[in-house]
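Colleague: Could you take me through one part of this structure in detail? I would like to look at one helix and then at some of the rings.

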Amino acid sequence: MGTVSAVDRADRVPDRSPKQDRSRATRQRLLEAAVACLAEHGWAGSTVSVVAERAGVSRGAAQHHFPTREDLFTAAVEYVAEERSTALRTLFPEGGADREAVVAALVDLYTGPLFRAALHLWVAASNEDQLRPRVTELEARVGRETHRIAVDLLGADESRPGVRETVQGLLDMARGLGLANLLTDDGGRRERVVAQWAGLLEGALD
């Protein structure tokens, strides 16, 4: 009985990469659809069935990837937050030479569908014991990463007294502008605040 070569064995092993690619694509569609649904319909109107329909997959396929509703929506907000963090770093590959541009980009993190979706998730977590610890942990992780990005892009030296609090104050301000933007899109006011904060940072961080 002849031996089977490695090449022969490889020929007999089915190529699973197309299936894995489809699985990853399905997961990504579900995550993006979940954020869009949460931003548009809130927690009460965003069921797994609604998300699956928007993503163009069956409810069973959605539950295969995310067994519970909490799994789906916490993963969705984290996924998009990571995507935006990556995009922010890509926008300033050499660091943030122009601090006003960096401040404006950080403020933009707290506007748009992602922030609206996250806000709905926070409100739901404040009323649902099962969801609260997961969202609290998620918010802590996203907050730490955003702070690290801000420190890097601003060239902030957190070993200096008050610098860490200054960066955190900037992010708190950005979140506040994001909340205000939910009701009225006052771009002019936002630009003035961004310019003022950029000036304050020049004195506080240099």
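Modeller: Start with a definition: a residue is buried when its relative accessible area is under 20%, and exposed when that area is over 50%. Anything in between is partly exposed. Keep in mind that this is a predicted model.

Now take helix α10, residues 187–205. Which of its residues are buried? They are R190, V194, W197, A198, L201 and L205. Look at the spacing of those numbers. An α-helix has 3.6 residues a turn, so residues three or four places apart point the same way.

What covers the buried residues of α10? The cover includes α6 (99–108), α8 (132–154) and α9 (163–181).

Next, the rings. Two rings of Phe, Tyr or Trp pair if their centres lie within 6.5 Å. By that rule there are three aromatic pairs. One of them joins Y110 and F115: the centres are 5.8 Å apart and the planes stand at 80°, so this pair is edge-to-face. The cut-off for that label is over 60 degrees. F115 also pairs with W122. Here the ring centres are 5.9 Å apart and the planes are at 80°, so this pair is edge-to-face.

W122 comes out at 24%, so it counts as partly exposed.

R69 lies over the face of W43, at 3.9 Å from the ring centre.

Last, a label from a record. UniProt, in an unreviewed entry, places the feature "domain: HTH tetR-type" at residues 24–84. In the model, that span is 80% helix and 0% strand. Its end C-alpha atoms lie 19 Å apart.

Terms used:
Residues numbered from 1 in each chain as written. Predicted model: local features only at pLDDT ≥ 70, side-chain atom pairs only at ≥ 80, totals over all residues. Heavy atoms only, no water. Phe/Tyr/Trp six-rings, centres within 6.5 Å; stacked < 30°, edge-to-face > 60°. Buried < 20%, exposed > 50% of the residue type's maximum accessible area, 1.4 Å probe, protein only. Lys NZ or Arg CZ within 6 Å of the ring centre and 35° of its normal. UniProt positions renumbered as here; feature names shortened; annotations may be inferred. Helix = DSSP H or I, 4+ residues; strand = E, 2+ residues; numbered from the N terminus. Expected span 1.5 Å × (residues − 1). Contact = heavy atoms within 4.5 Å.
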